[in-house]
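Reader: I am new to protein structures and would like to learn how to read this one. Could you walk me through it?

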Amino acid sequence: MYTMGLDFGSTASKGVVLKDGKEIVCTAIITSGTGTSGPERVKEKLLKESNLLESDMEAVVVTGYGRMTYQGAKKQISELSCHAKGVHFLVPDVGTVIDIGGQDIKALLLDKNGNLSNFVMNDKCAAGTGRFLDVMAGVLETEVSMLGEISMMSKAPVNISSTCTVFAESEVISHLSAGVNKEDIIAGIHISVAGRVAALAKRVGIKDKVVMVGGVAKNIGVVKAMEDALGKNIEVPKLAQLTGALGAALFAFEALNK
Amino acid sequence: MAEENKITAMKMINGLLAKSYKEAWEAKEKGIPVGWSTSVFPQEIVECFGLPLLYPENQAAGVAAKKESLSLQEKAESRGYSIDLCAYARTNFGLLENGGSENLNMPKPDFVCCCNNICNEVIKWYESLARELNIPLIMIDAAYNNSGEVSQSRIDYFVEQFKEAANQLEKISGKKFDPKKLEEVMAISSENGKLWKESMSLSKDVYPAPMNGFDLFSYMAVIVCYRGKKETTEAFKLLISELKEHIKNGTTSNRCEEKYRIMMEGIPCWPYIGYKMKSFGKYGVNMTGSVYPHAWALVYEKNDLDGLARAYCSMFNNVDLNKMTDYRVNALKDGNCEGVFYHMNRSCKLMSFIQYQMAREVHEKTGLPYASFDGDQADPRAFSDAQFETRLQGLVEVMEHQKENGGKADDNN
């Protein structure tokens, strides 16, 4: 029995096809989010790569920012529950999940059965999210996927104090104008993101094991800075960007078997 | 009587609110002094002089719900008032700048009444009004209660200021203070406080609750603006009889299914009140607990000035963290709530910035899940509907799971 989980985020569309609620058949990521061709493309890609038809899918669950606008889903479930579900599938002894997405930050507390028991999300503004890093990568003339690797060469990270994305960008420009190394600026950016996210996560409580997911979890610099800020090891699953879609596919399977 | 002509509590209350504004305009035309007041000022003393009072907080909420508040706030901001000030204050300053409002207009005041039992920013707001318009300010300072119960010294301090307010009002009105009249107004006001409290308590242990909790935000207009009037007594008696009728018949005025009962903390985001109600309805959530409308359940005995002072000093914003937490824990129990939704209201610093710790303490005492969303009581710029819905849905999913699991998480977090 096949189920499909789709996660239409603000900056990327992700999908997972699951067999019998256990086996990951296929995954796909398109770097265009809700409101673009991303959602359609990710579905097509999944079906093509898995050699399956849409009619083979017993149930589809959609999550993410674009979950309410997608037609044809059995259910729409928030990305909070989906990430919790997906991470627990991959890391059964998870206690806290930190998800840094394109537009928001979530810290999820899970009970021993992997169910979401409490959560906090970013407040006041969206500084520190994936979009924040996109903006910084732009001004640094660097691919966002390279930020992590470059920052690991830093010896003296700069201090980025502004919370506001635009003002933080100005700070980065000032450092660039002053001839500061890119690696030190990027490391400083990561420390500032980690500080904000760690403060949020501590509010809901940190419980071992700590797992980071979302697109930003692919950035080793942010993960290391988060480990320093929390004083804990952080595990990043291989499918870090896909845990929302995976959780959705698992919920789809559960819905069929209820 | 045809259904559409039937007098309902909602119609009666809306009528009384309109009447309170109309009476102020008529008084103004006759040269009778009109006052502006903070929402939990001891209006008893003004009412006993027969002077009409209007409430800028009510007016700001009204124009925010009608989508007019932002244009007024921008008027105030362009004059130089900081965007970090309370949006009610900015709306009110903007109203003066603009020379009125399209949706809910108020005559300019001849005196202002301020009590800081709800907020400290109101002191500067009302001082500014008094200075700008060159009118008297009646200020009652309700000392903050940092140690549980309201002490006698704080009560004495409040009562002396109340008496001084009577002296000021004698000059403003040109009338002598009449203790008999005060006694009468106190009796009516306290009766109204009791009835309001009763109407809010009727959801306890009743499934489904006899009303949509959001209706309280409409009903409360008269306990704010018309607290010392007999007509309010009649309206609340009608409201209670309607609710009791629902309870008897197992019906409700709530048009949405009630799957979950929650407490919502804080003042509503008035510019998005319709959206929020719809979202709650979509997920089957009813607000059966709230501390905010209880602010006006001011109960004391007739002729007991100390009791009046104690009631006004015990406002939920004027007490320490332990007491604030107790208020929420009790509201959750009384509403049979399964979760809490906190409004991080960027206008109300006093109510919002304590939330992180208060939410934790409430959670420790009740074990109930909670979520928080950003917004503002009257500034539409601080709210994102998608962010709101994700958090609401997340809370609903946690409540759903806990319901299936017998009311709690699978372990102690």
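This is a predicted model: local features need pLDDT of at least 70, side-chain atom pairs count only at pLDDT 80 or more; totals for chains, interfaces and linings use all residues.

Reader: How many salt bridges does the rule find across the interface of chain B and chain A?

Author: Residues are numbered from 1 along each chain as written, chains are lettered from A and ligands numbered from 1 in written order, and side-chain values use heavy atoms, without hydrogens and water. A salt bridge needs a side-chain nitrogen of Lys or Arg within 4 Å of a carboxyl oxygen of Asp or Glu. Across the interface of chain B and chain A, the number found is zero.

Reader: Which helix of chain B gives the most to the side that touches chain A?

Author: Helices here are DSSP runs of H or I with at least four residues, and strands are runs of E with at least two, numbered from the N terminus. Helix 15 (355-366), strand 8 (370-375) and helix 16 (385-404) of chain B each give two or more residues to that side. The top contributor, with 13 residues, is helix 16.

Reader: In chain A, which residue of strand 3 is the bridge partner of A:Gly15?

Author: Two strands pair if DSSP finds at least two bridges between them. Strand 2 (residues 13-19) and strand 3 (residues 23-30) of chain A run antiparallel, joined by seven bridges. They form a hairpin with three residues between them. The partner of A:Gly15 is A:Ala28.
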